Amino acid sequence: MEIIIKASVAEAQDEAARIMAAQIRTKPASVLGLATGSTPIGVYQLLAEFHRAGRLDFSKVITFNLDEYVVLTPNHPQAYREFMRQHLFSKVNIAADRIHFPDGLAADVPAHCEDYEAAIRRVGGIDLQLLGIGSDGHIGFNEPSSSLASRTRIKTLTPRTVKDNARFFPHANEVPRHVITMGVGTIMDAHACLMLATGESKAEAVAGMVEGPITADLPASILQMHPRCKLVLDEPAAAKLRRAEYYRWIYENKPIWQRV
Ligand code: GLP
């Protein structure tokens, strides 16, 4: 895992956006796995700015979002489809038929989940998967105890995640209890992963993910097994890493050709 520690949230967002932009420029028909939550908002803003400045073309990009709430209508203000429309898709030149989400309204959920996996396979897999991390170490909505080999499926949120996400809803009772999420195995199949984590509320999960054992108790820890995973942090999110100095040393001494 490549660990990049930046001095501020803005610098961490900038680094993540530059990595994503480099992916799209290198392969204009990139298949991107996208994440929601408050963390990537700044990254999407930067990508939209690059596009507005004529420096980034999304016309061939294909996207698959990690997850979606079950039973929220697609245009519900808190549906992840609406989140993505608001923060990225309405601001760049991506065609609607290249955008994919799990369908929280699917009548046959298992069949829909298989279709989602098949759609990812049909386009050759995800080139770059953007990830955030939950304070309990979840990725996508793969909560602790999720099988590390899991595929796209329905999941029940933990009370902690319901509480964490209640800030986006008028009342905690309105947070859906169920979601459809890519599995841990689905995420691990991405050719490359990029996680952005900022703020002290993520420090413990980040330390467990990087320096703790690989365990379903902290699903993000499986990323230790991913051959191409970058983790971009700000200082507060990196605060509990034992080897933070070493990670900084590696980054500072990188050969120029290895930088984005
Ligand atoms: C949700 C999403 C995750 C995201 C997490 C953290 O649970 N399903 O993909 O990483 O929230 O969100 P935030 O960035 O708001 O802390």
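I looked up Ser145 and found this residue in the loop between β6 (128-131) and β7 (153-156), where helices (H or I, at least four residues) and strands (E, at least two) are DSSP runs, numbered from the N terminus. The model is a predicted one, in which local features need pLDDT of at least 70 and side-chain atom pairs count only at pLDDT 80 or more, while totals for chains, interfaces and linings use all residues. I note that residues are numbered from 1 along each chain as its sequence is written, and that side-chain values use heavy atoms, with hydrogens and water left out.

Ser145 has a positive phi of about 90° although it is not a glycine. I wrote beside this that most residues other than glycine have a negative phi. Ser145 counts as exposed because its relative accessibility is 61%; buried means under 20% relative accessible area, exposed over 50%, and partly exposed in between (1.4 Å probe, protein chains only).

I then turned to Val71, which is not a glycine and has a positive phi of about 75°. Val71 sits in the loop between β4 (67-69) and α3 (80-87), and at 60% relative accessibility Val71 counts as exposed.

Next I checked two other loop residues. Asp127 lies in the loop between α4 (109-122) and β6, and Asp127 counts as buried because its relative accessibility is 9%. Leu88 belongs to the loop between α3 and β5 (99-100), and Leu88 is buried, with a relative accessible area of 2%. I also recorded that the C-alpha atoms of Leu88 and Tyr251 are separated by 29 Å, the two residues being 163 residues apart along the chain.

Which residues are closest to the ligand? Of the 14 residues that surround the ligand, the closest are Ser38, Thr39, Asp67, His138 and Lys202; a residue is near a molecule if one of its heavy atoms lies within 4 Å of it. An oxygen atom of the ligand is 2.4 Å from an N or O atom in the side chain of Thr39, and an oxygen atom of the ligand is 2.7 Å from an N or O atom in the side chain of Ser38. For Asp67, the entry is a nitrogen atom of the ligand 2.7 Å from an N or O atom in the side chain. The protein covers 95% of the 390 Å² of accessible area that the ligand has on its own, with areas from the Shrake-Rupley method and a 1.4 Å probe; for residues, only the protein chains shown count as cover.

My last entries concern the whole chain. I found 9 helices and 10 strands in the protein chain, and 57% of its 260 residues count as buried. The C-alpha atoms of the protein chain fill a box of roughly 55 × 40 × 35 Å, taken along the principal axes. In α1, the buried residues include Ala12, Glu15, Ile19 and Gln23.

Notes: A polar contact is a pair of N or O atoms within 3.5 Å; within protein, one must be able to donate a hydrogen and the other to accept it, and residues adjacent in sequence count only if both atoms are side-chain atoms.
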